[in-house]
Amino acid sequence: MSQSHESFNLLPEQLTSWVDEQLAASLLHSTYQVRRLFHGRSAVIDAFTPLVVDWLPPVAVIRLYDDIDPKVLAQLSSYLWQKEAVQGVVVQERGRNRNTTFVVAHGEVDQQIVVQEDELSYQLTPLTNQNSGLFLDMRNGRRWLKEQAKDCKVLNLFSYTCAFSVAAVAGGASLVVNVDLSKRVLSTGRTNHQLNKHDKNKAKFMPLDMLKSWSRIKKPGPYDIVVIDPPSFQPGSFVAQKDYVKVLRRLTQLTTDNAKVLLCHNDPTQDSAFVKELMTQECPEFKFIARLEVPEDFAEPDIERSCKVLIYQRD
Ligand SMILES: C[S@@+](CC[C@H](N)C(=O)[O-])C[C@H]1O[C@@H](n2cnc3c(N)ncnc32)[C@H](O)[C@@H]1O
């Protein structure tokens, strides 16, 4: 596997040292943790802003949001491939107006792999799913929820593969209700709970369009914690600009008196004031508590372009 004589003269030192540092940081108690190795916008190297490298141990996934020089790309995949821990390198092309494609550049890559974050396991699909099954930038949100969840009833809206639910049950939640349009992602959510040997009665799965299903969602409540982590722009299902407010209008009837809410907004073009203003307008009885820090492997110079994760509590 080693290609130690390979020349990497097209790769800026800032890029390779960033990758090396993040790879080293991902090693915890002799297990590699899932992590972003390079976040183009963080490192602010002009030619590399469309580039992301994710480390889904043992697979490195290069995500290209726009074309980069093919020679540079070849050097980058070789650079990753010569790392001892890397058993496969995938190149994913994506971005607005581009079909998402996957190519295995080096090694062998399984359709499904299991990765670790903290002491929890998640099933990922490095070759098929645009986001591989886990949003790595939400690590601090999952940690927060795990700390808060003891004996709580949690509503996980836009649950995707139920990563928040896994963290909540690990933290002692009495019940998590997961709601997502897609049966497929909820089925991965079930698998994620099984991988962590969770009691199957602790998580419920509702394959519903939440904007049309409030009475069914309300039934198992009221909830002590609500997680709201929607897409920014999924026409036909949810468009934050017009639909976020519809979810917030339901918060009061869904929650207990001291309920906490974790609200996310992932649109780099809108700052946290978008969510804060909606909360003031629609849910005045909820008070802003904190904004969670962006994980260090995602930190951007302009914090408002990063994912916004806000905590509120009903007062
Ligand atoms: C950004 S992902 C959520 C990520 C997730 N919270 C996590 O931590 O991994 C958005 C999810 O919202 C779901 N979704 C979009 N519109 C929806 C709607 N109207 N009702 C239910 N789910 C919806 C999509 O199917 C997708 O799985």
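Biologist: In which sense, parallel or antiparallel, do strand β4 (residues 51-56) and strand β5 (residues 59-64) pair, and over how many bridges?

Modeller: This is a predicted model, in which local features need pLDDT of at least 70 and side-chain atom pairs count only at pLDDT 80 or more, while totals for chains, interfaces and linings use all residues. Residues are numbered from 1 along each chain as its sequence is written.

Strands β4 and β5 pair in the antiparallel sense, over 6 bridges (two strands pair if DSSP finds at least two bridges between them; strands are DSSP runs of E of at least two residues, helices runs of H or I of at least four, numbered from the N terminus). Within this pairing, V52 has R63 of β5 as its bridge partner. The two strands belong to an open sheet of 5 strands, ordered β3-β4-β5-β6-β7, whose pairing is mixed. At its edges stand β3 (35-39) and β7 (101-107), each of which has a single partner strand, so one side of each is left without a neighbour in the sheet. From one strand to the next, the twist averages 20 degrees (axes are lines fitted to C-alpha atoms, for helices over the stretch in contact, and angles run from 0 to 180 degrees between N-to-C directions).

Two helices lie across these strands. Helix α1 (residues 13-25) lies across β3 and β4 and runs at about 170 degrees to β3, whereas helix α3 (residues 70-81) lies across β5, β6 (88-93) and β7, at about 145 degrees to β6; contact here requires C-beta atoms, placed from the backbone, within 7 Å.

Elsewhere in the chain, helix α8 (residues 240-248) and helix α10 (residues 273-282) pack at an angle of about 40 degrees, their axes being 10 Å apart. Y244, V245 and L248 of α8 make this contact with L278, M279 and E282 of α10, and by class these residues comprise 5 nonpolar, no polar and 1 charged (Ala, Val, Leu, Ile, Met, Phe, Trp, Tyr, Cys and Pro count as nonpolar, Asp, Glu, Lys and Arg as charged, and the others, Gly among them, as polar).

As for α5 (163-170), its axis comes within 9 Å of that of helix α6 (residues 183-195), and the two cross at roughly 30 degrees. The contact is made by A163, S165, V166 and V169 of α5 together with G189, N192 and H193 of α6, a set that divides into 3 nonpolar, 4 polar and no charged residues. Finally, α5 and β11 (175-180) each supply at least two residues of the shell around the ligand, a shell that has 14 nonpolar, 5 polar and 3 charged residues.
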